[in-house]
Each structure stands twice: as structure tokens, then as C-alpha cells.
Amino acid sequence: MPGGDRVLIAVLLAFGVALAAPVIVRVAGDRSGWVLALLPAGITAYLLSHGSRVAAGESIVERVAWVSALDIHLSMRLDGLSLVFALMIAGIGTAIVIYAGGYLRGDRQLPRFYLLLLAFMAAMLGVVLSDNLISLFVFWELTSITSYFLVGYKHEDETSRKSALQALLVTAGGGLAMLAGFLILGLVGGTFEISELLSDPEAIRGHEAYLAILLLVGLGALTKSAQWPFHFWLPNAMAAPTPVSAYLHSATMVKAGVYLLARLSPALGGTPAWFWLLTLAGAATMLAAGSLALLQRDSKRLLAYSTLIALGTLVMLIGVGTPGAISAMIVFLVGHALYKAPLFMVAGSVDHEAGSRDVTALRGLGRVMPITWITALVAGLSAGGLPPLFGFVAKELAYEGLFENPLLLGALIAASAVMVLIVYLVAWRPFAGREIHAPSAPHEAPLSMWLGPALLAAGGAVLGFAPWLIGDSLMVPAAAAVLGELHPFRLYLWHGFTLALGLSAVTVALGVVLVWRWRPVHDALRSRTLGWTFGPVGGYDALMAGLVRFAAWQTRVLQSDDLRHHMTIILGFTVALTGLTATFRGELAFDLRHEAGYFYEYIVLVLVGAAAISALRAHSRLVAITSLGVAGFGIAIVFVFFAAPDLAITQFLVETLIVIIVALVLIRLPRGSLRETSNGSVRAIAGTIAVAGGALFTVLTLAVTALPFDASLTTFFEAESYPAAQGRNIVNVILVDFRAIDTLGEITVLAVAASGAYALLRRSFGRRRDDVDTEDRSDRVHVERGGGA
Amino acid sequence: MSWLVGAPVILPLAVAALLFVLQGRREAQRVISTASTALLVTLSAILLYRVSEGGILVAQFGEWRAPFGISFVADHLSAIMVVITGVMAVATAVYALRDIDPDREALGYHPLFQVLLAGINGAFLTGDLFNMYVWFEVLLIASFVLLTLGNRREQLEGGIKYVAVNLVSSLVFLGAIGLVYGVTGTLNMADLAIRLPQAPGGLVSVIAMLFMVAFGIKAALFPLFFWLPASYHTPPQAIAAIFAGMLTKVGVYALIRVFTLLFVHDVAYTHTILLWIAGFTMVTGVLGAAAQNDFRKILSFHIISQIGYMIMGLALYTPLALLGAVFYIVHHIIVKANLFLVAGIVRRYAGSFDLDRLGGLYRRAPFLSVLFLVPAFSLAGFPPLSGFWAKLVVVLAAADVGAWPIVAVALVVGLLTIYSMTKIWQAAFWSPLPDGVELAPRPSGLLYAPVIGLALLTLAIGFWSGPFLAVAEAAATELMDPTAYVRAVLGDAAAATIGRTP
């Protein structure tokens, strides 16, 4: 096992540092960003140290048993694809951690913030390094949870809370679908280990469950990567502090879906279903995001829509799946990370130093924020796909990768034109101009807030001139991991006068037109579409509202306050379940032949029957309870007939007591409640259930008594009662010896019942004031006592 | 070592008697009651250890050999349930020291609590059907008095519904016992495991339905659960917590026991019905929770929903599914009781359980927030907390047998569970304190101790699920093959006749 378990240790260490972060922040104070950045920086260095081996085509694989019983391991795999993702996570993470130290300087919640941010980073590393579907899912959900807390960071603001919940429900909902997909995948492939699953793709693609797997896993990936129609949570997640938006909701977490699709594409890809699902989702996302971006004037929301465009592009390229498309996907991924994170941080700096994110409210900031502006321009040019930046290289490759699919290519060109507009609005408009317009007096951002974005933007510039720096070492192995085989390709800044270059020119020209006509189009669209609620967002809102309404309705129907309603359902269900089973499943056999009884037995029968009818027809509760007592007495007399005087006496006592006690209670109730207000249908239902229940038990008793009775217990008791237990009365011996534990339990019941009655009586005779009022007061006293202790 | 099998019942009963005598001497009662729970959990743990080392333990009361006397049987499932009862006993006893007011103590809280424990453990350990009925009555009367202790109108209303519905359960249970005795002439469950397969299958199926209803009411299954949301939000939290943790689980235990040991002659019928009921229980419970706006009522409805997952494990009736059911029970008891305890602390801070009257706790009480999040997110099934593994195993078991509809139900209900846990979180912790509400000073640390302990247990089960799954697996293996159970109670010769038709 080359490398020991060090990749896993790196992930676990990151979790450990995250847990320690609150303490570190308290010690390091204002420098905590710099101190904590040592963690991602160290991980970046550690990952880079493996670069040469991965470039040589090696995968570093580790496995630590976790839940062996379920074939769940903490398996780690560092190959070309996971290395690129892990480097993005750790590298951009370094910049973000430093930036957040400046951005949230003096924030009371900074310790918690770093805990969550670093825990997210650790989980995200876990996602891209896991080689086991279940452990991948564990880390995946951890990213959703940390994202929830980070989006809701400004939790006293209702919008933040709602956005956090929306993001969580959409991604966790997709996550659960994905889990179902993983389970099927595991059953089909016989393992949860990803590398083993990928080694036999035909077994999965050819399986009848393939489509289910694809749709379920796809649902997880597409929700996480905010693809249409699940895209709406991402712009709303901009309620998070900017470092979070830059890191989670642009550079890393939203790419988890892209990662998963890329990772599984050797096993799931290459089918028409795969192609259509991903290309349609990707293209729809790009187009929807491109159009919706025209409505925005908040810099972070604009950037969120540009992220959606990029995510759509990536998903579409994976869907196309040709070597050209996959190579383009990898390069585009890195290019996007290098420009989008700095653009977000720039937007955050502007918000922080100039007090607004409204691009129409800001002008001339470049004069006071020169470093920030330069960073914005460099990153912006890359984002706009202009030479000589890495974004240009990436976009050219993406165009080339789509030559065989002109419709998809057209969609990408249109979306890329919108990117040009967004870049203008975010990186040019607020900075240009001679006069400064801003809500607060702007000034340059501190070192911690410009260093990271500047370095990342510079990275985009350097790679633009020298893309070969990462070509063979990172991009080719990553594409090979997705394609399942090596497809070498070379990266150039200058391709010559190619079709792709021409399309780039078209894109820029379209972008310029958009820039030129932006204000009137924007104003017209805004005035017309304000208050729109349909579309996917409306769908989400309607779903949530419908859920709450349905839940309330169901609960009203089932859980009413009425005890009789509950009893009807419970007894009805009992009789129905048992009765239907007896009818259709019971095959009950019984003998209806019987001896003609004595006439006094029939008298009792009539008496009991009349009492039952009287109870059912009674309009007064007092009459009803008395009728029941009469029926009970009738049963007791039957016991007398059949030589069970002890039973009969017990029954007489019980019935008498019940009638007396209940009557006493009823008399004490407020006047009027003695009248039974129920209507005929209620009575009919109750009567039906009662008759059916009685019939059921009669039939069952007949069926049981028709069987020969095994009397071995009785025989034993008769034989052993005197010799072994020294008692002549068998019933007594059973009660106090053979089954003494029963008696112990029943004595306990009586004792508790007595003490309970005592407690009830003492309290109600003790104070006759309004009990609710009294209780509230005693509770309050109690709270204070608890508080003081 | 047979005394050890009876100890988890006899100890609390003896302590209850002692505490009853000591009524009025509050300090002595508090010390003895709490200390005895520590002894209880220790003895229970020894019991589980001995069972896992040496196999099923049996005690015959009065030395009357089975099936003539009453047997107590500790297999893995029973021993696990007894241990978790002990854990809950310690946690709620400590919490009660600050939560139960002197008035309730004077009215007999301490002995009642011990009687409740005896009833619960008796139901878990008995190997006799009628004796199980007796313990059900013990815990029913103890829980009813505990529920109404304090005599508040709301409590009495809830208490009446609780006791009325539960008496229906008792009635059906008793009727079913009578029929079983008529068919087989025995009440010993091991003996029944031999004799019931020899009886007419159709008749046994009908009787099985009666047991399903009787225990289904106890377990709060759909559509029998009404008593639970009507009553669980009324007593003090120490009482509500042990109710929420243990009472429904007695019903679940009984269902698992009879539908693995006694009624397995027509699994395709009986267990399919259970699976349907499980699905409806999950859905109606979670929707009920979604409709509530009170901390405790949300938690109460979630008990119902979660019970559905356990019954789903039973209904699927495979080794993996039963493993999942047992693991789920243990996880759920710890998590759910803890949430009720946390709710009690929240109430002390903000004076209410109404989500509209709560807020600001994340800012004011970050530590309590974490203590809420651990059980809440575990309940919601977020990995890698205990609830994730519990859900994963039952869902995996369902997938294994291709029961996709129930997989879908389980996962969707999981999402709705996330929704209602975040609803509490957002309202009570994240949102600002409503106008006119003031937070009290931090409550006593004694209330935190059990909450911290249970949260650590939840984390332990989450991160080191291996050993817990192994014990649950041992329980599942015994349940799938009752031969060992029968042999332990009745001897080798009887075990050899199991499953043989005459």
C-alpha cells in the first residue's frame, strides 16, 4: 500500500483542525486567517508532492475498514481526477481562509465560521477522494450540512434562514435519491467500492436497473450542481457571506455533482440516456441562467448565474463524453475555478469597502481600489474567454469539443456572450469612471483580502501563456480517469485561425451588443417580471406550501381532539383487520351443533341482548352505563350456571363498582353533558363495529373450542399442587406459587392505582381554584428555582 | 446465574417498595432512586455481557420447570433492551433531580418511576405471554399515574385518552392470550413456538392480527397511535423523555418477539400487512410532525414516524432487516429521549415550547445548540450519526429483497424528517428572540449532564457503529432462528421438535 494511509490522515487532520478552529481563533485573534490557512496550504503541498506519481498514471489507493459488516470502508483513491479536484479545494481554500480573516474581521461568530468552513473543506476533500460509495455519501451529506450552516450564517435574517433551508432540502433531497441509486449500484455490482464498480462497466450499463441507477444518481448530482430545474437554490444561497459563496457555491461544493458524474462516467456513461439527460440538463441550465442573469444587478447574484452557466457547460460536456469534450471539461473546470473565485472575492471586497453590491450604484472605484480592480480585470478577461488568459484556452477547447453537436455549441456560445456581459457588469462598470459613486467612502481592501484573489487571477494569466505547465501533469491524467483510458492532448494559447477562434470572436461581439443594450433590456425585463412566481422556484414554494397544507389536513382528520373518534378508528380497524383475515384467510372450522339449553339460560340471553340494545339506543350516558352494567351482570350469571362462582362474584363486584364510580363521575360533570348528543350515523357506526366485534370473538371462540384442548398444564397443576407446593386449592397454588410472579405484578398494579387515586384526590380536594392557572404559576416558580440552582 | 435474569425487574420493584416506605423523606428518596438506576444499568450490562459470552440465559421462577412455571429469558434482544432501559433510567433519574418539583415528589414520583422501570424490564425479559400482559399492566398504570401527576387539566385530558386507548390494547391482548391458550394449552412462549405451527394456520393468522393490534397500539402504529400525540406533551420532561424513549419500544419489542418467535407460519401474509402499516406509520407520523408548531408535539409525532422504520425492519424479516430494526430501536431511544430532555432545557431558557415564542438560542446558548443538533440530525439520518446507519441498514435490507416502494417511502420520509428538525432549529435557535420574550439564566448543569452523556453515546454509535451492529446482528440471528431460544427454555429434546407438524 504505497503512501500508507496518509491521504485519509490528511482528511481526518482537516476535520481535527476544524474542530480546534474555535480555540485557534481565540488564541490567534486577527491573524487567525493566516494561521488557519496553513492547513489548506499544507494539504495543497502534500497533494502536489504526489503529482509526479499521479502524472505517471499511478493511483494511490488506501483502504481502512469502517463498517465491515456492511462492506463500508474509508477507502481513499488519489488519481488524476481526484487530484485536480483536491488541489482546487485545498488551493482555493487557502486563499479563502486568508480572505475570510479580513472579510469577517471582528465578527463575533468567527470561531464558528472557521469551524464550519474547515469542516466543509475536509468533507469536500472526502467526497473527491473517497473510493467507496457510502463513505462518499457520508462526506457528500456533510458538505450539504456545513453549507446549510454557512448559508444561514446571518441567521437572524429571515432570508438567510429560508435560503439555507431551501439549499439543504434541494441538495439533501437529491442526496437521498442518490443514496437509493448507490444502493442499487452496490447490489448490481456486488460492492460499494468505486474502483471495483468501474472495472466492470458492462455489468452496470447492461443491467436492467441501469436506467434507475442513472436517474437516481443523476438526481443527486444535478441537484448538488444546481442544474435546471433545481438551479434556483444557488442564487438564493448568495445570502451567505462572500467567502462562502466564493468557495462553496462557486469553486467547490457545486462541483461535487460534476465530480460524481465524471467519476462514474466510465460505468454509467456512453449511453443515449446518459447523453440526453446530461446534455439537456446542462444546456437548459446554461440558457435559463443566461436569461435570468439579465434580470440581476446584484454583483453576487450575477456571479451566481455565471456559475450556473459554467456548471451547465461542465455537465453538458460530460454528457457528450467524447475524449475532446472530457478534456475540455477538465480544462474548463480549472479555468473556471481560477477566475470565478477571485471575481467573487472582488465583489465581496467592493461590498465590504464601498458598501454595495448593486452594480448600478457603483462607479469609479478603480481609482481608490487599484489592486482589486486589476485583479478583477485579469480574472474578468479570463471569465469572458479572452486571450491571453486560461479562460480563453478553456473556452476554445469547449467549443472544439462540441463541434459534433451544433445545437449544444450554439447554446454555449449564447451563454458565453452573457458571461461577457456579466464580466463587464462586475469587473468593469463599478470600477471605471472618473467620479466615485458609492454608499460609503471606499478604500483599498487590506492585504488579506487582495492577496488570495490576486494570486488566483495571476494563476489564470500564467496558465494562459503557459498552459503546458499543467497539461501533461494534471489535465491529461484527470481526463484519462474520466475516460477510462489515456487520451493525450496538448494545450495551446494560440491555435491558429481556427473555427473556434472565429466563434470566440462571435461570442465577444454578441457580448458587446449585450453590454451596449443592457440597461434598457434589464429595466424592461425587471419591470415586467417582478413578482413572477412560476417556474421551478414557484414549484418549490408551491410544493412546500402544499406539503404544509396537506400535513395539516391529514393531521386534522386523523388526530382530532375527540376520544370517541379515536376509539371508532381503533376498534373499527381492529375488527376489520381481524374480521377480513378470518373471512378470507382463516379457514375457520367449528361445530355449531349444541345441546338445547335450559330455559333460564335463554332468559339471561334475552336480558343481556336487551341491555346491549338499550346501551346502544340510550340518549343519556347514565342510562348507557347502567345498561352495560346489566349486561355485565347477565354474563356473571352465566358464570354461575357453569359452576364458576368465584368468577361470578368477581364479575358482580367489578360491574357494580364500575356503574357506581362512573355514575358518580357523570353526576359531577357540568349539566348538559349527560345528554348524549351523537346523531344516528355515529350510533350506526358504533353499533356496527360492536356487533361485528362481538360476532368475531364468538366465531373465534367457537373455532378454538372446536379444537381438542391440550390439558397438560392443568394435569401438571393437579398432580403437583399438593405434593410439591403443599396446597390443596389449585387456584390458590397457581396464584401464589406456580405463577406467583403474575400475582406480584398485579399487586403492584393495585398499589400504584391506589397511590395514583390518592394523588388525584389529594390534589383536587387540596385546591379548588382553576387548575390551569395554578399549574402555570407553579411551573414558573419551578423554572426560577431551576435557574437559580 | 439465573438471579441475574430477574434482577432488572426485582431490583426496581424492591427499590420502589423501599421508596414507598420512605415517602416524605425527599433527600433519601432522591439519593436511593438515582443510585439504584446506576446499579440497574450495571447489572443489565453484566447480563448483556454474559448473554453475548455464553448464550441465552433463563430463569424459572420458583424453580418450576418450563412450561409450568413462569420463565424469564434473556436473549440478545431482551438483554439489549434491558441495557438501554438502564441507560435511560440513569439519564432521566439524574435529569429528574432538577426537573421534578417537590410537589410531584411528594405525590410519589420516585416509587412510580421505579415501578415503571420494573414493568418495562419485565415485559422485555418474560418468556410467558400472560406474564407479559401483567408487566404491560404494571407499566400502563405506572405511566398513567406519572402522566397525570400534577393534576393539570391538560394532563388529565391527555391521560384519559392515553389510558382509554391503552385499555383497548389490554383487552385485545387478553382476548388474544385466551384464544392462544385455548388453541395450544400453554402460555410459555418457547412452548408456543413449538405448538403454534401445529395448530390450524388460518386460525393462528387471525389470532396474530389481534396481537398486531394489541401491540400496535402500544407501539403507536398507524392507525392506532392517537393516544401518543394526545398525551406526550403534557408531563414534565423527565417523564416525557422516558416515555418517548421506552414505552412505544415495549410495543415494538413485543411485536418483534411474537412476529419472529410465534407467528412466522405465514410470513407472506402477516409480515406484508406489517410492511404496509410500517409505510403508513412513517408517512402519517412525519406529516403530523410537519403540521405542528410546538417543540414537544413535533417530537411526539416523530416517534410515530420513526417506529415505522423499526416495523419496516421486522416486516422485511431478513437477518439484515432485523439487525436494522434492533439497531434502530437502540439509536432511536437514545436520540428521542435526548431531544425531549433538550426541549426541557430550552423551556427553562425561554419559558415555552411554542416555536413562535422561541428564538435566539444559537446566539445565547451555543453549547445547547450543539447538544440539540447531535440528536436532531441523528434523527434526521444525517451521516455519520447513529440515525444514518440505522436508516441505511433497513433501507439496504429493503433494497436487498427488492422492496422498492418502501425504500422510496423511507427515503422521502427521511427528507421530511430533515424538514421538521430544521424547523425546530430555525425557529428556536436561529431566529431572533421574539419581542417580549426574555431568556432566563442558564439552567442547572445537572440538567445538561444526561443530555451530554446521551449525545456522546449517539456520536459513539455513529462513529464506531461496528460493535453496535455486531450486537444487533447477534440479536437478529437469534430472532431468525428460534431454536436456541426454545432449547434454552425447554431443553434439547423440545428444540428438536420445533417447526414439526403432527
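Author: What follows describes the contact between the chains and then some individual residues and loops.

This is a predicted model, in which local features need pLDDT of at least 70 and side-chain atom pairs count only at pLDDT 80 or more, while totals for chains, interfaces and linings use all residues. Residues are numbered from 1 along each chain as its sequence is written, chains are lettered from A and ligands numbered from 1 in the order in which they are written, and side-chain values use heavy atoms, with hydrogens and water left out.

The predictor's confidence in each residue is given as pLDDT, on a scale from 0 to 100. For chain B the mean pLDDT is 93, and 99% of its residues reach 70 or more. The model as a whole has an ipTM of 0.93 and a pTM of 0.93. Where pLDDT is low, predicted coordinates should not be read in detail.

Contact here means heavy atoms within 4.5 Å. Chain B contributes 121 residues to the contact and chain A contributes 105 residues. Between them an area of about 10,300 Å² is buried, with carbon and sulfur atoms giving 73% of it; buried area is the accessible area (1.4 Å probe) that two parts lose on being put together, summed over both. On the side of chain B, the residues that lose the most area to chain A are B:W64, B:F226 and B:W430, together 8% of what that side buries.

B:D266 forms a salt bridge with A:R585, and the closest N and O atoms are 2.9 Å apart. Helix α7 (residues 153-184) of chain B supplies the largest share of the side of chain B that touches chain A, with 14 residues. Helices (H or I, at least four residues) and strands (E, at least two) are DSSP runs, numbered from the N terminus.

One residue of chain A may be followed across the boundary. A:D742 lies in helix α32 (residues 740-766) of chain A, and leaving aside residues up to four places away in sequence, A:D742 touches B:I70, B:F130, B:N131 and B:V134. A:D742 counts as buried because its relative accessibility is 6%; buried means under 20% relative accessible area, exposed over 50%, and partly exposed in between (1.4 Å probe, protein chains only).

In chain B, strand β1 (residues 57-60) and β2(B) run antiparallel and are joined by 4 bridges; two strands pair if DSSP finds at least two bridges between them. B:L57 has B:A74 as its bridge partner in β2(B). From strand β2 (residues 71-74) of chain B, B:S71 and B:V73 point one way, B:F72 and B:A74 point the other way, and all are buried.

The loop between β1 and β2 of chain B holds B:E63 and B:P67. B:E63 has a phi near 60°, a positive value in a residue other than glycine, and B:E63 is exposed because its relative accessible area is 71%. The peptide bond from B:A66 to B:P67 is cis, with omega near 5°.

Notes:
Salt bridge = Lys/Arg side-chain N within 4 Å of Asp/Glu carboxyl O.
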